[in-house]
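Okay, everyone, thanks for coming. Let me put the chain up on the screen, and then we'll walk through it together.

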Amino acid sequence: MKIKVRNVAFAFFVFLMVCLFSNIILADSSEDVTLKVISSKNEYRKELTVDLTVQYINQNLYNDRNFISYHVYDKKGNEILWEGKRLPFTIDKEGIAKLKVDINLKTEVDSFDVNFLKISFDIVDEKNEYWYSTNTDINLSSDTIFVDLGLAKRFTGTLSSAIFETPVIFGINLVCCILFICLLFRLKKSEVFNS
């Protein structure tokens with residue numbers, strides 16, 4: 001009985017791991033190219049750095065004149081910017097490239113008065129003169145980044161980013177702030193008694 005329970009538990013564990021990690025490890029076989037955002041997909045500022053992984057399932061599509069770029073849309077999906085800056089990249093023997101993309105929405109879309117933006121990544125093939133997203137022969141999968149520039153979202157986003165990305169620095173700043181407030185109360189209290 002113990003062996004059966006152990007076997008069932010082990011089989012369930014293996015099944016769970018396969019289900020959890022299949023999306024991370026395996027790319028959809030129907031896709032030719034995937035663009036995955038590794039960093040946060042929710043942003044609250046106009047200047048951001050995105051960690052991006054490019055995977056060519058069909059490596060025949062790659063050439064040295066392929067560039068990563070991005071498109072920016074408003075909340076309703078209306079195009080605000082068709083082409084961000086173009087960045088070169090090189091894939092390894094597995095067809096993968098990892099890169100950091102710096103996006104400055106202040107300079108690229110600041111003339112638009114919008115508080116919510118969607119950024120979608122794309123590849124432009126300068127050699128064959130087409131965008132992957134508009135070529136019907138290429139099956140491209142791309143993650144989207146949502147940028148919410150509303151005041152409340154920016155505040156909570158910045159706070160949660162500070163807590164989760166740099167918890168030690170946030171903790172030190174919090175302790176210093178509490179000590180400073182305590183010091184102010186003590187000074188105020190001593191002024192009241194000395195008067």
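So, to start: with which residue does Arg86 form a salt bridge, and how far apart are the closest N and O atoms? The partner is Glu83, and the closest N and O atoms are 2.3 Å apart. By salt bridge I mean a side-chain nitrogen of Lys or Arg within 4 Å of a carboxyl oxygen of Asp or Glu.

Quick housekeeping before I go on. This is a predicted model, so local features need pLDDT of at least 70 and side-chain atom pairs count only at pLDDT 80 or more, while totals for chains, interfaces and linings use all residues. Residues are numbered from 1 along each chain as its sequence is written, and side-chain values use heavy atoms, with hydrogens and water left out.

Back to Arg86. The side chain of Arg86 also meets that of Glu126 in a salt bridge, at 2.6 Å from N to O. That pair links distant parts of the chain: Arg86 sits in the loop between E5 and E6, Glu126 in the loop between E8 and E9, and they are 40 residues apart. Helices (H or I, at least four residues) and strands (E, at least two) are DSSP runs here, numbered from the N terminus.

My cut-offs: buried is under 20% relative accessible area, exposed is over 50%, and partly exposed is in between, with a 1.4 Å probe and protein chains only.

By the salt-bridge rule, the count comes to seven. Another one joins the side chains of Glu43 and Arg45, at 3.4 Å from N to O. There, Glu43 is buried at 6% relative accessibility, whereas Arg45 is partly exposed at 39%.

Now the overall picture. The protein chain has four helices and eleven strands. Of its 195 residues, 30% count as buried. Contact means heavy atoms within 4.5 Å; among contacts between residues at least 6 apart in sequence, 68% join residues at least 24 apart.

On to the strands. I call two strands paired if DSSP finds at least two bridges between them. What does strand E4 pair with? E4 runs antiparallel to E8, with nine bridges, and one of the partner pairs is Tyr70 with Phe121. E4 also has two bridges to strand E6, residues 87-88, again antiparallel, where Phe67 is partnered by Pro88. Then there are two antiparallel bridges to strand E5, residues 79-81, with Tyr73 partnered by Glu79. E4 and E5 make a hairpin with four residues between them, and Gly77 in the turn has a positive phi of about 90°. Eight of the nine residues of E4 (residues 66-74) are buried, so the strand is largely enclosed by the rest of the structure.

Over at E3, residues 47-56, five bridges join it to E1, residues 33-37, and the two run antiparallel. Val37 has Leu52 as its bridge partner in E3. E3 also has nine bridges to E7, residues 96-104, antiparallel too; there, Leu48 is partnered by Ile103.

Next, a look at Lys41, in the loop between E1 and strand E2. What does Lys41 touch, leaving aside its neighbours within four places in sequence? Asp143, Thr144, Ile145 and Phe146. With Asp143 there's a side-chain to side-chain polar contact at 3.4 Å. A polar contact is a pair of N or O atoms within 3.5 Å; within protein, one must be able to donate a hydrogen and the other to accept it, and residues adjacent in sequence count only if both atoms are side-chain atoms.

Glu129 lies in the loop between E8 and E9 and is exposed, at 71% relative accessible area.

Last stop is helix H4, residues 167-194, which holds Leu183. Leu183 is partly exposed at 46%.
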